[in-house]
Amino acid sequence: MFTNSLPKTILRLLAVLALLIFGLWSFRSYQNAQEKLDSLDPQVRSAAAQKERQELLAAAGKLMVLPAGEPLIFDIENAEAMAQSQPFFANVQEGDKVLIYVQAGKSIIYSPARNIIVNVGTLSVSGASLPLDTENPLQVEIRGGGASQERLAALEEQLADLVEITAITAAANDDYQGPTIVALTTDEERLQQAQIFASSLGIRLADQLPAGEASSSAEVVLIVGN
């Protein structure tokens, strides 16, 4: 009886061993594939973001003639709060996009989910349009947080008449989504200028740099993401 059961026992052991070997091989193959994917991640992410950007502009361009130049694009993440803070954001929904054409002075809200232009215009501070002080321009450092060099150069050219660009550097991370504006100045009048600048771009002004970002001698840091 023991002799008859021996082959079955060996077969079971061999089957278990085969499963273990296959499991280890599968896991190692997954690890190798993941390592390759991770090594390509910045390029893949950048290419995907650029494709998504072009598709977004193409879709919005079918609904209206877009201004010339490359816009800043950011997501509507808190629709209710934004609608309460600015009439410009009335009727927005989560996931809507704001296209900001600095040189043309236009801000456009496009809704990919509804495929409509929600609003077109300019933004204001506290309901009144306030001018930037061009005689004593705001000092702004631009940091690339995922944006291409071409976009950064275009942005520098667009903002040159509004503010003083002190430097164009790389952000600590390259996976920022949309633009981020941070005021580093503590002077009340300059803070107001920073608020006007941020509001003219349709971006909420932050008072702290994101984690990992170094400080700057500029009054404002503008991080441009994907």
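**Sheets, a helix and the core**

A: Strand S7 (residues 179-183) and strand S9 (residues 220-224) pair in the antiparallel sense over five bridges, where two strands count as paired if DSSP finds at least two bridges between them. Within this pairing, Val220 in S9 is the bridge partner of Ala183.

Q: What sort of model is this, and how are residues numbered?

A: This is a predicted model, in which local features need pLDDT of at least 70 and side-chain atom pairs count only at pLDDT 80 or more, while totals for chains, interfaces and linings use all residues. Residues are numbered from 1 along each chain as its sequence is written, and side-chain values use heavy atoms, with hydrogens and water left out.

Q: Which sheet holds S7 and S9, and in what order do the strands come?

A: Five strands make an open sheet of mixed pairing, ordered S6-S5-S9-S7-S8. Strand S6 (164-170) and strand S8 (205-206) are at the edges with a single partner strand each, so one side of each is left without a neighbour in the sheet.

Q: How does S5 pair with its neighbours?

A: S5 runs parallel to S6, with six bridges joining them, and Glu141 stands opposite Ala167 in S6. S5 also runs parallel to S9, through five bridges, and there Arg143 stands opposite Ile223.

Q: Is S5 enclosed or open?

A: Five of the six residues of S5 are buried, so S5 is largely enclosed by the rest of the structure; buried means under 20% relative accessible area, exposed over 50%, and partly exposed in between (1.4 Å probe, protein chains only).

Q: What about helix H3, which residues are buried there?

A: In helix H3 (residues 149-159), the buried residues are Arg151, Leu152, Leu155, Gln158 and Leu159. They cover an arc of only 125° around the axis, which puts them on the same side of H3, the arc being that of the directions from the helix axis to the C-beta atoms. The face turned away from that buried side carries the exposed residues Gln149, Glu150 and Glu157.

Q: Switching topic, which residues have the most contacts inside the largest nonpolar core?

A: That core has 33 residues, and those with the most contacts inside it are Val140, Ile142, Leu159, Ile181 and Phe197. A nonpolar core is a set of buried Ala, Val, Leu, Ile, Met, Phe, Trp, Tyr and Cys residues joined through side-chain atoms within 4.5 Å. The largest share of it, four residues, comes from H4.

Q: What does Val140 touch?

A: Leaving aside neighbours within four places in sequence, Val140 is in contact (heavy atoms within 4.5 Å) with residues including Val163, Ile165, Phe197, Val220 and Leu222.

Q: Which residues face each other in it?

A: Leu72 has Ile100 in S2 as its bridge partner, Leu99 stands opposite Ile108 in S3, and Tyr110 has Ile117 in S4 as its bridge partner.

Methods:
Helices (H or I, at least four residues) and strands (E, at least two) are DSSP runs, numbered from the N terminus.
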